[in-house]
Amino acid sequence: MEHNNKIKKAFWITEDMDREIGAHLKLDNCSSRSEFVMNALKFYVGYLNTKNASAFLPEVLSATLTGTLDGFAGRINSLLFKQGVDINLMAQIIAYDTDIDEGAYERLRGRAIRDMKRTNGRISFKDAMDFQKSV
């Protein structure tokens, strides 16, 4: 039976959920449980259609998160650049004073790659020093 472009549907919910709906009716400015359920269904269907939760976050929260993440990314980029410069400088200094052939270099580079993969980037200078002393 249709009433104001609406059709009546029957569905089951728990008593706890019914109490929660009742408690939140006024918070959502709803005059009835039907209106509350309709709003909830619109929200959820919209969420599923967009697959993007940010479309449902308050703008202030979204802007705050974006600003925070942008600032964080900028700091990380800056630190990585600084670290890259320092590593390059150390490599230049070591290369200036080191007599190593191409084969030894390639073997050390391969070991460095394997160590980084094996330790997920958690290799220390002491680990490298211990390896070099054992060779």
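Mentor: Asn120 sits in the loop that runs between helix H4 (102-119) and helix H5 (125-134). Helices here are DSSP runs of H or I with at least four residues, strands are runs of E with at least two, and numbering starts at the N terminus. The model is predicted, so local features need pLDDT of at least 70, side-chain atom pairs count only at pLDDT 80 or more, and totals for chains, interfaces and linings use all residues. Residues are numbered from 1 along each chain as its sequence is written, and side-chain values use heavy atoms, with hydrogens and water left out.

The backbone at Asn120 has a positive phi of about 55°, although this residue is not a glycine. Asn120 counts as exposed because its relative accessible area is 60%; the cut-offs are under 20% for buried, over 50% for exposed and partly exposed in between, with a 1.4 Å probe and protein chains only. The loop between H4 and H5 also holds Arg122, which is exposed at a relative accessible area of 63%.

Another non-glycine residue with a positive phi is Asn29, near 55°. Asn29 belongs to the loop between helix H1 (15-24) and helix H2 (33-50), and its 67% relative accessibility makes it exposed.

Rolling a probe the size of a water molecule over the atoms shows where empty space is left. The largest pocket contains about 1100 Å³ of space. Of its 23 lining residues, Ile94, Leu108, Ala112, Phe125 and Ala128 are the closest to its centre. Two or more lining residues come from each of helix H3 (59-96), H4 and H5. H4 gives the most, 8 residues. By class, the lining has 15 nonpolar, 3 polar and 5 charged residues.

As for the terms, a pocket is an open set of points on a 1 Å grid over the protein atoms alone, where a 1.4 Å probe fits and protein lies on both sides within 12 Å along at least five of seven lines; in a cavity the probe cannot get out, and lining residues have an atom within 4 Å of a point. Grid points are joined across faces, edges and corners, and the volume is the space filled by probe spheres set on them. Nonpolar covers Ala, Val, Leu, Ile, Met, Phe, Trp, Tyr, Cys and Pro, charged covers Asp, Glu, Lys and Arg, and the others, Gly among them, are polar.
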